[in-house]
Amino acid sequence: MVIERIDAFCDVVPRERTRVETIGPLVLFVPVGSGFPYYARPRAGVRRPVTAVDVRAVRARQRELLIPESFEWIERSAPEMESAATAAGLVVHAHPLLALGSLAPAPRVPELIDARIVSPEDPDLILAWAVPGVAFGHPGTAIGEAGVTERDKIAANHDAATIEMLRSRLRSGRSVLATASGPNGPLAAGSYQLAGGTAEITGIGVLPASRRRGLAAAVTHALAADALAHGARTVFLSATDAAVARIYARLGFREIGTSLIAELPED
């Protein structure tokens with residue numbers, strides 16, 4: 001089933017860049033070197049149900065390691081996890097989980113906008129990498145003022161080790177980056193990771209000043225088409241909410257379940 005393939009993907013991919021610690025029925029992915037700090041999740045395969053005691057034990061270990069107290073999982077694969085995380089003092093956020101059926105034709109984009117895959121040596125690589133940083137700093141889909149100036153500030157302060165790691169992953173094909181660019185460079189960007197015939201599209205972000213122009217859909221379509229061309233049998237993503245899920249549905253994605261994230265309360 002698709003859910004099982006996605007759950008296996010979510011267990012395997014973090015192991016490429018982390019050290020794994022097993023704590024009861026949970027696994028904790030501990031980052032090695034620079035890069036994105038991963039999460040904890042229910043152990044794959046046969047295991048006992050997750051309890052609040054298990055979640056508290058992992059949280060204690062995350063604090064000890066100075067990494068975020070974060071958990072991610074698929075609802076259907078661990079239906080008891082939500083109540084366990086809540087009882088352990090975390091806030092749980094639900095997001096629609098979607099898988100690609102038949103990819104729709106590429107959406108139209110505004111004049112002078114080009115949606116493309118970014119090569120490891122592309123001169124716009126660092127600018128494309130900076131776009132989601134601006135986008136996620138201004139959540140939602142509303143048009144805002146933040147644009148290329150804010151993007152360029154992040155790009156100018158980039159971490160060289162992170163960019164080199166990104167180039168390495170792009171060269172190996174483990175990650176693929178796409179952008180929708182105009183005369184002033186990248187305005188939207190996102191990526192996918194491919195492993196074992198399954199690809200996850202993540203990090204789709206649009207500069208607030210360029211929203212509501214179909215750029216997120218264009219980037220997502222470019223990524224999905226490239227993943228299929230490189231042998232992906234399952235292409236999936238998690239949407240922020242139902243409104244965003246409808247954008248992906250127009251590209252051929254269909255909702256198949258719920259992905260959950262548990263983290264500390266904001267206060």
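Residues are numbered from 1 along each chain as its sequence is written, and side-chain values use heavy atoms, with hydrogens and water left out. Because the model is predicted, local features need pLDDT of at least 70 and side-chain atom pairs count only at pLDDT 80 or more, whereas totals for chains, interfaces and linings use all residues.

Helices (H or I, at least four residues) and strands (E, at least two) are DSSP runs, numbered from the N terminus, and two strands are taken to pair if DSSP finds at least two bridges between them. Strand 11 (residues 253–263) pairs in the antiparallel sense with strand 4 (residues 71–74) over 4 bridges, and in this pairing I74 stands opposite S259 of strand 11. Strand 11 also pairs in the antiparallel sense with strand 5 (residues 91–100), over 10 bridges, and here L97 stands opposite G257.

A nonpolar core is defined as a set of buried Ala, Val, Leu, Ile, Met, Phe, Trp, Tyr and Cys residues joined through side-chain atoms within 4.5 Å, where buried means under 20% relative accessible area, exposed means over 50%, and partly exposed lies in between (1.4 Å probe, protein chains only). The largest nonpolar core holds 41 residues, of which I201, L223, V235, Y248 and F253 touch the most other members. Helix 7 (residues 215–229) supplies the largest share of this core, namely 7 residues. Apart from this core lies another, of 20 residues, which includes A40, V55, V58 and A84. With contact meaning heavy atoms within 4.5 Å, and with neighbours within four places in sequence left aside, V235 is in contact with L98, A99, L100, A199, I201, A227, L228 and F253.

Helix 4 (residues 125–136) has as its buried residues L125, L127, A128, A130, V131, P132, V134 and A135. These buried residues pack against strand 6 (114–118), helix 5 (148–156), helix 6, strand 7 (175–182), strand 8 (185–195) and strand 9 (198–206).

Helix 6 (residues 160–172) contains R167 and also L170. L170 has a relative accessible area of 11% and is therefore buried. Although L170 and V118 are 52 residues apart in sequence, their C-alpha atoms are 8.7 Å apart in space. Residues up to four places away in sequence not being counted, L170 touches V118, S119, P120, L125, S175, V176 and L177. On the same exclusion, R167 touches P120, E121, L125 and I126.

Salt bridges were assigned where a side-chain nitrogen of Lys or Arg lies within 4 Å of a carboxyl oxygen of Asp or Glu, and by this rule the count comes to 17. E121 instead forms a salt bridge with R171, the closest N and O atoms being 3.0 Å apart. Since R171 lies in helix 6 and E121 in the loop between strand 6 and helix 4, the pair ties together parts that are 50 residues apart in sequence. R171 is partly exposed, with a relative accessible area of 45%, and E121, at 51% relative accessibility, counts as exposed. The side chain of R171 also meets that of E164 in a salt bridge (3.3 Å, N to O), and E164 is partly exposed at 41%. Elsewhere, salt bridges that share partners join D7, D11, R15 and R41 into one network. A further salt bridge links the side chains of R48 and D54 (2.8 Å, N to O); R48 counts as partly exposed at 44% relative accessibility, whereas D54 is buried at 7%.

Rings of Phe, Tyr and Trp (its six-membered ring) pair if their centres lie within 6.5 Å, and planes under 30 degrees apart count as stacked, over 60 as edge-to-face and the rest as tilted. The structure holds 4 aromatic pairs. The ring centres of Y38 and Y39 are 5.7 Å apart and their planes stand at 70°, so this pair is edge-to-face. Y38 is buried at 8% relative accessibility, as is Y39 at 9%, and F29, Y38 and Y39 form one aromatic cluster. Y248 and F253 likewise form an edge-to-face pair, with 6.3 Å from centre to centre and 65° between the planes. Y248 is buried with a relative accessible area of 7%, and F253 is buried with one of 4%.
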